[in-house]
Amino acid sequence: MTFGLILFLACASTPDKPAAESTSAAVHRIESGKLKRVKTVGYRPIDPPTEDASWLLSSLPQGQWDAALAGAAGELVSTLRSPIRMMSPQAMATATARSGFPGAARFGKTVTNGSYPSNLVDPIFKAARGRAVDVGMAKRDFADGQVLWVLGWAPHIADIDPMPRTVALDSGLTVRIDRIDKGDARLFVAPPDSEVRELSMTSGVARWVDGFDVPGEYRFEVVAEDKGMGEVAMLFSVFADMPPRRMPNAPLPPDGAPDPREAEAYLLDALNTLRAEHGLRPVEPFRLFDGLTREHSALMGHLGMVAHDLPGHGTVAKRAAAFAHPRAEHFQNVAGAPTAKDALRMVELSPAHLKNLLCAQCTHVSIGASLEPVLDRIPRLFVTWELLAFPQGMPREIDDYNR
């Protein structure tokens, strides 16, 4: 099973070089409305409310301004007390949960001397591939003349009926989506204290969801299927008998580049800790495929993109089947983040990807990490997890005679 995690894995557009932290008083503007009035999860398309919004839509003809996504950008920018602070995966998930935005949002930040953040627009235009996108933006003006921008966007893959953001214990709700393009979809629900549930999803048909039996945050994800690959269409939260959590503090950037081999060791230990917490057996490293996962991560870093099927390179599963036999079952996650801890948190916040990490039949894993080749800033770490099950026996490398 292969899914493309969109919400957090491509959220960090390349920022301007961070400016020195200002000690002067700063004023921030949040072009988002009053989030305390948010009661539902759903899209909120509106006409551009400001000159900044009009500029963004003129730069992205396929874009539409969404008040909920702008609200999430406003929540993020309000926590960035200096230009060098970072947007953590948890902060981005919390911001969209608080604003009630249902799409698979990405966020980027940059600092300018007052000009518009054009460097954040080009990656959105390329990644959108001509499709409609929801956009929202907020900024913070510092006393020294610098402007910190946070831009959020999400591909508009499906429409969703508005649904309550907060529900009572032991109640239920309906989820109904209309896909823009035809195809199958799957709904994943991650309760705060139990296994991820996977439910079928038919476009245009309401799906009843219950099981809100403990207070907490329930993560919902709708994965749209297309030619065997999955793309996240929806990623949002519903809260049972409690309000959304407060925004976490924004962390400082790492002091230096992470070590890929140390990151792999950390991710293996963290993965098995997570599995133990859910009553699952640990997975063992499968070294035969380590070269494939590292190569996949290195190419993602070179291209500056996170994907399961890379142009001219294919997937890890296909390349593994070409040199090893018998075939394995692959459950893959991919991520790009400043640190290994952030990369793991990104996939944990996606119910579909969390389900991969907690694959019950999996016995082995290959984890490959690589740094992007940049010199003007601290490079991001790109990671490929290949959770593996061997129903036909453990794969072995095919010798040249039998190849």
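Student: Why does Phe 390 count as buried in this predicted model?
Tutor: Phe 390 has a relative accessibility of 16%. Buried means under 20%, so Phe 390 counts as buried.

Student: What makes Phe 286 buried?
Tutor: The relative accessible area of Phe 286 is 6%. That value is under 20%, so Phe 286 is buried.

Student: How many aromatic pairs does the structure hold?
Tutor: There are nine aromatic pairs in the structure. One of them is formed by Tyr 43 and Phe 101.

Student: Why is the pair of Tyr 43 and Phe 101 called edge-to-face?
Tutor: The planes of the two rings are 80° apart. Planes over 60 degrees apart count as edge-to-face, so the pair gets that name. The ring centres are 5.6 Å apart, and a pair needs centres within 6.5 Å.

Student: Which parts does that pair tie together?
Tutor: Tyr 43 lies in the loop between strand S3 (40-41) and helix H1 (51-59). Phe 101 lies in the loop between H3 and strand S5 (106-112), so the pair ties together parts that are 58 residues apart in sequence.

Student: How do you know whether Tyr 43 and Phe 101 are buried or exposed?
Tutor: Tyr 43 has a relative accessible area of 16%, and Phe 101 has a relative accessibility of 0%. Each value is under 20%, so Tyr 43 and Phe 101 are buried.

Student: Why is the pair of Phe 286 and Phe 390 called tilted?
Tutor: Its planes are 50° apart, with 5.0 Å from centre to centre. Under 30 degrees would count as stacked and over 60 as edge-to-face, so 50° leaves tilted. Phe 286 lies in the loop between strand S18 (284-285) and helix H6 (290-303). Phe 390 lies in the loop between strand S22 (381-389) and strand S23 (396-397), so the pair ties together parts that are 104 residues apart in sequence.

Student: Which residues form one aromatic cluster?
Tutor: The cluster is made of Phe 212, Tyr 218, Phe 220 and Phe 236.

Student: Which residues of H5 and H8 make the contact between them?
Tutor: The axes of helix H5 (residues 260-277) and helix H8 (residues 340-348) come within 10 Å and cross at roughly 35°. Ala 263, Tyr 266, Leu 267, Ala 270 and Leu 274 of H5 meet Ala 340, Lys 341, Leu 344 and Glu 348 of H8. Seven of these residues are nonpolar, none polar and two charged.

Student: Why is Glu 221 called buried?
Tutor: Glu 221 has a relative accessible area of 0%. This is under 20%, so Glu 221 is buried. Glu 221 is in strand S16 (residues 216-226).

Student: How far apart are Glu 221 and Leu 349 in sequence and in space?
Tutor: Glu 221 and Leu 349 are 128 residues apart in sequence and 9.9 Å apart in space, from C-alpha to C-alpha.

Key
Residues are numbered from 1 along each chain as its sequence is written. This is a predicted model: local features need pLDDT of at least 70, side-chain atom pairs count only at pLDDT 80 or more; totals for chains, interfaces and linings use all residues. Side-chain values use heavy atoms; hydrogens and water are left out. Axes are lines fitted to C-alpha atoms, for helices over the stretch in contact, and angles run from 0 to 180 degrees between N-to-C directions. Helices (H or I, at least four residues) and strands (E, at least two) are DSSP runs, numbered from the N terminus. Contact means heavy atoms within 4.5 Å. Ala, Val, Leu, Ile, Met, Phe, Trp, Tyr, Cys and Pro count as nonpolar, Asp, Glu, Lys and Arg as charged, and the others, Gly among them, as polar. Rings of Phe, Tyr and Trp (its six-membered ring) pair if their centres lie within 6.5 Å; planes under 30 degrees apart count as stacked, over 60 as edge-to-face and the rest as tilted. Buried means under 20% relative accessible area, exposed over 50%, partly exposed in between (1.4 Å probe, protein chains only).
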